[in-house]
Amino acid sequence: MSNWECSVCGYTHKEEEPPERCPVCEAPVQMFTKVTEEIKDVVEPESVAMKRWRCTVCGFIHTGSEPPEKCPVCDAPKKMFVEIDTDGKALAELKNDEIDHTISLGLEAGQKTSVSFFEKIANLSLKLHLHPIAVHFPNGILPAVVAFLGLSVYFNILTLETAAYYNLIFVLLMLPLVLLTGFIEWQKRYKGIKTAIFLTKIVCSLIVLGAVNVLVFWRLLDPTVIAEGSPSRYIYLGIAAGMLAAVGLAGHLGGKLVFGARG
């Protein structure tokens, strides 16, 4: 049996021949490279003495006699690692009392009936990757909003400010879905762990939510807030810039969680 690695997403296929398409990213067979026996021979002596540990929060794999004190990707503590074999299977299950939950989505074992519908919705959200889908809308629109506002102030083009306003309304309507699916993702996929990376993402999300509300309702109450001569136009623009910075930081941390385990 040979090992074939997808050069696009890193998926490893263990068969005599590579698959026609990668089951993860659907890359064609040409994108697979064979992990040769020579490479295995070089790694084997070291792996005899070293163990492999997987972070149960983000999936990062560490090689060493002991797991790291903190996961370098998601900052999960040492207790959240489990030892895995050469096939990537856990040699022991993580104990329930070792899981650092914050707000649990479920109840005790005998009380799951009352939340079964919500559990189905949560599982469907994870299966369909609704959070990455939903978050791409505001992440793509908000940079355009700030650009429109900046150009409107600099060139005094009112139509660009109007376009920014209507785009902000759309983002405001999308944010409940983004926050709900993000909460589900945090609880279900990342065990609701309260490390710096997740707390920072939560703070950034709240900043964006607050800033979008301020920008929309301020403009609704005062349509001339960013017009030429308005004393508040640069304050308004500054709030928009701070909002964009929070979006960028949250996106950076989200990318670290998704791709950090791949190294």
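**Figure 1. Cys 6 and its bridge partner in strand β3.** In this predicted model, Cys 6 has Phe 32 of β3 as its bridge partner. Strand β1 (residues 2–6) is joined to β3 by four bridges, and the two strands run antiparallel. These strands belong to an open sheet of three strands, ordered β2-β1-β3, with antiparallel pairing. Its edges are formed by β2 (12–15) and β3 (32–35), each of which pairs on one side only. Direction ignored, neighbouring strands of this sheet are turned by 30° against each other on average.

**Figure 2. Packing of helix α3 against helix α6.** Two packed helices are described by the angle between their axes and the distance between the axes. Helix α3 (residues 130–155) and helix α6 (residues 233–259) have axes that come within 10 Å and cross at roughly 155°. Because angles over 145 degrees count as roughly antiparallel, α3 is roughly antiparallel to α6. The crossing in which α3 passes α6 is left-handed. On the α3 side, the contact is made by Asn 139, Leu 142, Pro 143, Val 146, Leu 149, Gly 150, Ser 152 and Val 153. On the α6 side, the contributing residues are Arg 233, Tyr 234, Tyr 236, Leu 237, Ala 240, Met 243, Leu 244 and Val 247. Sorted by class, the contact of α3 with α6 comprises 12 nonpolar, three polar and one charged residues.

Figure 3. Val 203 is located in helix α5 (residues 196–221). The relative accessible area of Val 203 is 47%, and the residue is therefore partly exposed. Val 203 and Ala 246 are 43 residues apart along the chain, and their C-alpha atoms are separated by 8.6 Å.

**Figure 4. Asp 75 in the loop between β5 and β6.** The loop that contains Asp 75 lies between β5 (61–64) and β6 (81–84). Asp 75 is a residue other than glycine with a positive phi, near 70°. With a relative accessibility of 25%, Asp 75 counts as partly exposed.

**Figure 5. His 129 in the loop between α2 and α3.** His 129 occupies the loop between α2 (116–127) and α3. The phi value of His 129 is near 55°, which is positive in a residue other than glycine. His 129 has a relative accessibility of 45% and so counts as partly exposed.

Terms used:
Residues are numbered from 1 along each chain as its sequence is written. This is a predicted model: local features need pLDDT of at least 70, side-chain atom pairs count only at pLDDT 80 or more; totals for chains, interfaces and linings use all residues. Side-chain values use heavy atoms; hydrogens and water are left out. Axes are lines fitted to C-alpha atoms, for helices over the stretch in contact, and angles run from 0 to 180 degrees between N-to-C directions. Angles under 35 degrees count as roughly parallel, over 145 as roughly antiparallel, 65 to 115 as roughly perpendicular and the rest as oblique. A crossing is left-handed if the near helix is turned anticlockwise from the far one by less than a right angle, and right-handed if clockwise. Contact means heavy atoms within 4.5 Å. Ala, Val, Leu, Ile, Met, Phe, Trp, Tyr, Cys and Pro count as nonpolar, Asp, Glu, Lys and Arg as charged, and the others, Gly among them, as polar. Buried means under 20% relative accessible area, exposed over 50%, partly exposed in between (1.4 Å probe, protein chains only). Two strands pair if DSSP finds at least two bridges between them.
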